[in-house]
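Here's a quick briefing to read alongside the model. Keep the sequence and the 3D view open as you go.

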Amino acid sequence: MTDLDDIPAPRGQLTLKLVASRQDTNFHGDIPGGWLVGHMDQAAELAAGREALGRTATVAIEAMDFLCPVRVGSMVNIFTEVREIGHSSIKIDVEVWSRAPHERDPDELHKVTEARFVMVALDDNGRIRAVRQDG
């Protein structure tokens, strides 16, 4: 019997949900890793922006391994979790989970990849600022 804690599940908040479509493929018909990284970056920016109450930018992405491919028609779910808030930086864990297009169980998700994104808060001139501004 499997303990419920042993079943892998997404961590964090669902931040982006989208469908991988034919227009997103490379010339071989595959969904490229760069497409996923771009959407992961958007999700990290949304999560960081909520914490910083404004503009942020990515300064680092920690190691990333792809565990399974994303097929055309798959529902892609991107989860974010704030791990650490520094003076001007925010570290966010980002996970990508997908559901295959012909999966019968709508709750059946497969982990695709994860990475830690390091974001910095920016002021209106694009300069690094404190995440928490007194004002």
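Predicted model: local features only at pLDDT ≥ 70, side-chain atom pairs only at ≥ 80, totals over all residues.

**Strands S4 and S5**
- S4 takes in residues 89-99 and S5 takes in residues 110-121, and the two pair in the antiparallel sense over ten bridges.
- Another spot to look at here is Val 94, which stands opposite Ala 115 in S5.
- In general, the strands of a sheet pair through backbone hydrogen bonds, and they can do so in either a parallel or an antiparallel way.

**The other partner of S5**
- S5 also pairs with S2, again in the antiparallel sense, this time over five bridges.

**The whole sheet**
- Put together, five strands form an open sheet in the order S1-S3-S4-S5-S2, with antiparallel pairing.

**Helix H1**
- H1, residues 33-52, lies across S1, S2, strand S3 (75-85), S4 and S5, and runs at about 45° to S5.
- With 20 residues, H1 reaches 28 Å from its first C-alpha to its last, close to the 28 Å expected at 1.5 Å a residue.
- Which residues of H1 are buried? They are Trp 35, Leu 36, His 39, Met 40, Ala 43, Ala 44, Ala 47, Ala 48, Gly 49 and Ala 52.
- An α-helix has 3.6 residues a turn, so residues three or four places apart point the same way.
- And what covers those buried residues of H1? The cover includes S1, S2, S3, S4 and S5.
- After H1 comes Leu 53, with a positive phi near 55°.

**What the record says**
- An unreviewed UniProt entry carries the annotation "domain: HotDog ACOT-type" for residues 10-125.
- In the model, residues 10-125 are 17% helix and 41% strand, and the end C-alpha atoms of that span lie 36 Å apart.

Conventions. Residues numbered from 1 in each chain as written. Heavy atoms only, no water. Pairing = 2+ DSSP bridges. Helix = DSSP H or I, 4+ residues; strand = E, 2+ residues; numbered from the N terminus. Contact = heavy atoms within 4.5 Å. Axes fitted to C-alpha atoms, helices over the stretch in contact; angles between N-to-C directions. UniProt positions renumbered as here; feature names shortened; annotations may be inferred. Expected span 1.5 Å × (residues − 1). Buried < 20%, exposed > 50% of the residue type's maximum accessible area, 1.4 Å probe, protein only.
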